[in-house]
Amino acid sequence: MAHAHSVKRHTGLMDWLTTVDHKKIAILYLLAGGLFFGFGGVEAMLIRLQLIKPMNDLVSAQTFNELITMHGTTMIFLGVMPVIFALMNAVIPLQIGARDVAFPFVNALGFWTFLFGGILLNLSWIMGGAPDAGWTAYTPLSTSTYSTTHGVDFYTVGLQIAGLGTLIGGINFLATIITMRAPGMSFMRMPMFTWTSFITSAMILFAFPAITVGLVLLSFDRILGANFFEVSNGGNPVLWQHIFWIFGHPEVYILILPAFGVISEVIPTFARKRLFGYSSMVFATILIAFLGFMVWAHHMFTTGLGPIANALFSIATMLIAVPTGIKIFNWLFTMWGGQIRFTSANLFAIGFVPTFVMGGVTGVMLASAPADYQFHDTYFVVAHFHYVIVGGLVFGLFAGLHYWWPKMFGRVLNETIGKWTFWFFAIGFHLTFFVQHFLGLMGMQRRIFTYLPNQDFDTLNLVSTVGAFLMAVGVLLFLFNCFVTAAKPKGVANDPWEDGRTLEWAIPSPPPEYNFKQIPLVRGLDAYWKEKMAGNKEMTPAEPLGSIHMPSPTILPFVMSVGIFIAGLGLMFSSEKFNNSFMSMIFNNWIVVIIGLVITFGSMLLRSLFDDHGWHIEPEELEEEGVKA
Amino acid sequence: MCFQRSLRKWKKWGRSMMKRWQAVKRLLPLLAVFSLLLAGCGREDLSVLRPQGPVAQEQLGLMKLAISIMIVVLVIVFAIAAYVLVKFRRRKGQNGVPEQVEGNFKLEIIWTVIPLVLVIILAVPTVQQIFAFGDDHYNDKDAVQVKVTSHQYWWEFEYPQYGVKTAQTLVIPTGKKIAFELKTADVLHSFWVPSLSGKMDTNPDGTINRFSFSADKEGVYRGKCAELCGPSHGFMEFKVKAVNGDSFDNWVTAMKAPAVLPEDPALAEAFKKQCLSCHAVGDQGGPVGPNLTGIGSRESVAGILLNEGQDGGKPVKENLKEWLMDPQAVKPGNKMPNPKDLGLTDEQIDGIADYLANYKLNY
């Protein structure tokens, strides 16, 4: 063994800070995502409480704008994205029969940059005010002329750092899925969740650079006095809208495609049937991703781009309905002739289908530009995107979490509580958002901190707020379920749902550090199901038993992210006048930025100069662990 | 025989009643939804669903087409889903493995082609309307030109053909095409009168927008800012007052009449010094703040404090006083200095409020 050497095994907190194991990183993503989802949820509750009655004064107008900005930003970038990454990390290496992702070190780096970016953004609440220009941060409102606190700086710098993590994660999954599939797993034998994650990663690769550029330009305008969006000096605010939505529209497909993947795993499992129209599902996913880059200006129909642009973007947007429709009918016909079991995971997956269709049809309605002149920036739009993001994505995430929980933690979530979670969340969801369609049509524009009485808005807003509380109960029940389940002993079977179809169900729950003792041989779509149907108890190995090469744990990704975090703070306050002369000196002379960058680049240097070849698990140890698992 | 026949009759009646009852039961939720819809269409002067002009009318027409298509789609999907969920639930003791269907080429073609056809049905009128609304009517001979300039958080309306400027209440003649040129003086806003037309953003110089609408009936319509523009975004409301052609001409004449100043010379002096440095009345004053000519006959103060005659409105003087005593309390973040900070006493504020409340235009 050329590189065999003993590795320092950490325990406790150090284990989590240094881990490069995709399964542990998945749990980290889940914890961090859950935490930020909680923040975003509290913000949502405050928004709904403020709007419960006309002329309410629970929060001030300024605070309300900070709440809506942080709710949107937090939920999209820090709430649902990491939970998606949690599922991707937990499941994809297992589904493709790999021992880890392609770049375990980079995987950890992606998580820590995301976390520190998110922390930086949320620090704004206690450091002089949160961003207040909406999650879209339209200029000139977001420029330093009109948004005078550091709020939007926290937004640009925080998202820049968090976005770095997402981009890193996306590249990692692309490389993993392209290069690390088990022998026999051709692209057209990949499970649907792997497929959608693959496409999502590709979209991240192309979409995130746009927001990176946009955030750089906006930071330069705000912090360094550049003029990209400053009209009096030749800048153009409409430019920001294009840059933002060239990223922003693909982003919503980046979010929803993995949910499509989850649904495509859960429904077949609990219908005991293979996915109907697998190849058309793959084709539809690719088509949605492609069209997703062609429709950004439908967010700008009222900006005044002219009839030709509006007509083209209208039609392109409507076309997305076609591949999406294919998916919906494929799911319905997967269940047709099956034997449907109503587990919590499947309840969420089944609930997803009609809910998402409702969000989809309003999407087509919005695509019609002349009608959108009325819908745009009203509660109709608020209803629409919550139907697709909550009714679609969040339902999908809940389905995925209930489904893969036993694989991640070795314990099945309590089914009774799970079902209560579903009913509270689903009923609350429809109560909250269905009425908002009508609020929009009746003339209630979005992002208003309160409204006059006598506009017929009062009852519907009250209903909406009541619904929001039912959703909150649903989320709290889920949290409660996590704790109840964690208190129970581990030890579920490899295939706790008994009808698992893909490779992850062929190995112990949770899997050992190295996932597969021997890399399996894949003999078709739904590889594990195929073996079960052939009467085999486990997968046929594709390699002899041998020593397994493992990556070493390392603290460097964490340290690098701390460095970026420090540099980010330094940049934001680089021209701040502090009361304390020492603080002014270190910030105004860029010393803080330099310290941060030295930490980050120093860590990169360390990583480059000192090779770490990892370590090996020998076959004898494998046998032991095999018995234990 | 007779008995049997009557029994059969009874059974038949019973069955038909059952059927009818089931039909009613099925219709009940639908009825509930419809009644909700009918009752909840919103205010005539505000709701998209109750259009008061041809542009809003056509846009609602397109929405109705879209909604009809979408309801068909929803009904189909929901019906299949309901059938599948009832019919194919796993029953006790069901252990056989269901047939693993790979797909069905014919079905997949059907549910690709039908949505495509539905999309085309919606796309054709969409494109037609996009180009119809995209027409620039600004230089039409019989169009009334209005230059709209949005400010944090008020609306300025200039009528270049008449040399008149006003604020907060846009007065228009019925039946005529009103051609707008929209721009902003600061951040982005969006000009929206739901019952008359969809919205259009007000951008800075260089990306100025034009569009037009008209009102069929006389009346006051509510307008709103639809683009987040700061803390008081929700309070950036305005009114569109449609009057007949003669009244409109009278209004223009009244607007162009020389300014009426407070009778008390000391008050007039204070008003000129402190208020007219930004605001204008008639031919006097500055362009920084909203024009105050005839503010006493407008529907609201500061766009958000509704006057008598509006739902829940208060006397105009009361509203003016509320505003002048503390503008920030009414509209957080607005740019008007507090009159007290300018050195105006409570008495003077009361006098100015009284003067402005009685500054009415006859038209």
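Predicted model: local features only at pLDDT ≥ 70, side-chain atom pairs only at ≥ 80, totals over all residues.
Which residues form one aromatic cluster with A:Phe398 and A:Phe425?

Residues are numbered from 1 along each chain as its sequence is written, chains are lettered from A and ligands numbered from 1 in the order in which they are written, and side-chain values use heavy atoms, leaving out hydrogens and water.

**View 1. An open sheet in chain B has five strands.** The strand order is S4-S10-S9-S6-S7, with mixed pairing. Strands (E, at least two residues) and helices (H or I, at least four) are DSSP runs, numbered from the N terminus. Two strands pair if DSSP finds at least two bridges between them. S4 (169-173) and S7 (197-202) of chain B each have a single partner strand, so one side of each is left without a neighbour in the sheet. Neighbouring strands are turned by 25 degrees against each other on average, direction ignored.

**View 2. In chain B, S4 runs parallel to S10 (residues 237-243).** Five bridges join the two strands. B:Leu170 has B:Val240 as its bridge partner in S10(B). Helix H4 (residues 245-256) of chain B packs on the sheet and touches S4 and S10 of chain B. Contact means heavy atoms within 4.5 Å. The direction of H4 makes about 130 degrees with that of S4(B). Axes are lines fitted to C-alpha atoms, for helices over the stretch in contact; angles run from 0 to 180 degrees between N-to-C directions.

**View 3. A:Phe398 and A:Phe425 form an edge-to-face aromatic pair.** Their centres are 5.2 Å apart, with 70 degrees between the planes. Rings of Phe, Tyr and Trp (its six-membered ring) pair if their centres lie within 6.5 Å; planes under 30 degrees apart count as stacked, over 60 as edge-to-face and the rest as tilted. A:Phe398 lies in helix H13 (residues 379-409) of chain A, and A:Phe425 in helix H14 (residues 415-441) of chain A. Their cluster also holds A:Phe348, A:Tyr387, A:Phe395, A:Trp405, A:Phe409, A:Phe422, A:Trp423, A:Phe429, A:Phe433 and A:Phe478.

**View 4. B:Lys199 lies over the face of B:Trp192.** The distance from the ring centre is 4.1 Å. A charge sits over a ring if NZ of Lys or CZ of Arg is within 6 Å of the ring centre and within 35 degrees of the ring normal. In chain A, A:Lys24 lies over the face of A:Trp16, at 6.0 Å from the ring centre.
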